[in-house]
Amino acid sequence: MTKEKINKTALILFLFIAFTIPLFVRSATYLHILILLYFYAYLTTSWNLVGGFAGVLPLGHSVFVGIGAYTSTILSLQYGISPWIGMIAGAFIALILGVIIALPTLKMRGAYFALATIAFGEGIRVMVENINNIGPLNINGPRGIQIPPTNTGFFNFMFAGKEPYYYIILIMLILVLTLTFLISRSKLGYYLNAGGEEPEAAMALGINVAKARLTAMAISSFLTALAGTFYAQFTLYIHPKSVFSLDLSFEIAFIALIGGRGSVAGPIIGALLLRPVSDLSRIYFGSHLPGLHLIIFGAVLILVMLYQPRGLQEPLSRIYNRIIEKKILKTDK
Amino acid sequence: MSFLKIDKINVYYGDIQVIFNLSLTVEKGEVVSIVGGNGAGKSTLLRTISGLLFPTSGQISFENQKINSKQPEKIVDYGIIHVPEGRKLFSLMTVKENLIIGAYNKRAETKIAETIDNVYQLFPRLKERENQLAMTLSGGEQQMAAIGRGIMAHPKILMLDEPSLGLAPILMKDIFAAIRKIADLGTTVLLVEQDVKNSLSLSDRAYVLEHGQVVMEGSGKELLKNPHIKEAYLGM
């Protein structure tokens, strides 16, 4: 058996497990945890296009989640447009906003870019919190918007059980992973990688680094906003503190940094590790130790940055490769 | 008409002027060296030609087209390739990926496989290391990879910034020999060096830069015999 075959088998096995989980896990709580896990893995994978491949650290991605959530929700509640269509509309608005944010900021280096994206993110959150109406659109300020759970059905992107949500976010995650995998192997991927590490050398070779980053930012904000709509339809209540918050932006970056930015598997590994910590600590310690998960995140991040600066994907893929090679050796003998 | 012609350019970093009214020419097929001490403006000159910096006045033309104040990717399209100082390889990519990324422009892209063979012929060591990460190469190998990456772009003129930087004398010889070979195969080379002796002996012509100005020019051999050069750069 070749290594590629083993990889393929493992992948199919993973997919099979992911698709059959709802048949065994009947508890709504655990399904909910898994859905959020996929949701965060999706967000981090979208973030990874800019934060990982392009080598800069955006810390304002919740803006795009918020734009996606608010656009589809307002369109469906006030105009009766299906959230599926609102999802695409929100994604395009996020794309335009992403480009607007990127144009002045992507030339900045290191911490300055991170700070500038925080400023944009927080600025927009404060605006949303303080605006009740934009023209005919009812944003409802800090109170947020509740989606009445009346019309369930696929067209309305609203379901009584958790299973449909599970499959929707799972498929979204698989698609976004495939996309980032393809991008990482494409010319754009190489441009981003080269421009992230040695911008001047890349430019001297004729690579338009700024354009590559702008493209990545556009794709990333588009994809992130799609998940915003999912979140709105899943929780049926959005408010600025939930979808526009800095915490959300930070959690995405946490997952990426711990899992391994710039690799396709990193966001998955990060989410698999951190999301259960976050949810279980909220379930078991939420009453007397709220915020415990953030302390754990911080400690884990410090340890990972000290001992595995490229994230946990590196040692894990090394172990995986070693196990496979040993297995191949065994079958050869 | 000259191949590459630089006419009275002035270049500033912010308020500080680095290049003063500098003119020089490079003819097709030549190896031209620019020598001079630290801070003479050698690297600045190359960065200006490749569009990473813009001159405030003066003109740069290549094959009779004005190219100053064009974006770097445009300049690469004209066939001017700059191999920056300090190698600047993409350390987490393999040697082969580093080479391939050098060929991502319209002229070079269709000929990747062929050019890569040429590079491997010039630097057989790179062939042995093709699947290694660039960060694991030795200094000399990294310099080979950086020059190879420049060749991948099918340059009409290859500009090398201090290819001997930080190399052992024996490796320096290999690199200089390779540069001569590149020129003999038909690529014009503009070489910036601090190693005056080696670069002058392999060049057809050379310019001496001091404080952002050309203070001397001539054939490589002529300059090697010049008393000022001997005293200031060769320590004789």
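1. Helix 2 of chain A passes helix 6 of chain A in a left-handed crossing, meaning that the near helix is turned anticlockwise from the far one by less than a right angle. The model is a predicted one, in which local features need pLDDT of at least 70 and side-chain atom pairs count only at pLDDT 80 or more, while totals for chains, interfaces and linings use all residues. Residues are numbered from 1 along each chain as its sequence is written, and chains are lettered from A and ligands numbered from 1 in the order in which they are written.

2. Helix 2 (residues 28-53) and helix 6 (residues 163-184) of chain A pack at an angle of about 20 degrees, with their axes 9 Å apart; the axes are lines fitted to C-alpha atoms over the stretch in contact, and angles run from 0 to 180 degrees between N-to-C directions. The two helices of chain A, helix 2 and helix 6, are therefore roughly parallel to each other, a term for angles under 35 degrees. By class, the contact of helix 2 with helix 6 of chain A has 18 nonpolar, five polar and no charged residues. Here Ala, Val, Leu, Ile, Met, Phe, Trp, Tyr, Cys and Pro count as nonpolar, Asp, Glu, Lys and Arg as charged, and the others, Gly among them, as polar.

3. Tyr38(A) touches Ile169(A), Leu170(A) and Leu173(A), leaving aside residues up to four places away in sequence, where contact requires C-beta atoms, placed from the backbone, to lie within 7 Å. In the largest nonpolar core, which has 153 residues, Tyr38(A), Phe39(A), Tyr42(A), Ile169(A) and Met159(B) touch the most other members; such a core is a set of buried Ala, Val, Leu, Ile, Met, Phe, Trp, Tyr and Cys residues joined through C-beta atoms within 7 Å.

4. The contact between the chains takes 14 residues from chain A and 18 residues from chain B. On the side of chain A that touches chain B, helix 7 (187-197) and helix 8 (199-204) each supply at least two residues, and helix 7 of chain A gives the most, with five residues.

5. Asn64(B), in the loop between strand 4 (57-62) and strand 5 (65-66) of chain B, has a positive phi near 65 degrees although the residue is other than glycine. With 9 C-beta neighbours inside 10 Å, Asn64(B) counts as exposed, the cut-off being 12 or fewer.

6. Lys88(B), in the loop between strand 6 (80-83) and helix 3 (95-102) of chain B, likewise has a positive phi, near 50 degrees. Lys88(B) counts as buried, with 21 C-beta neighbours inside 10 Å, since burial takes 20 or more.

Note on methods: Contact = placed C-beta atoms within 7 Å. Helix = DSSP H or I, 4+ residues; strand = E, 2+ residues; numbered from the N terminus. Parallel < 35°, antiparallel > 145°, perpendicular 65-115°, else oblique.
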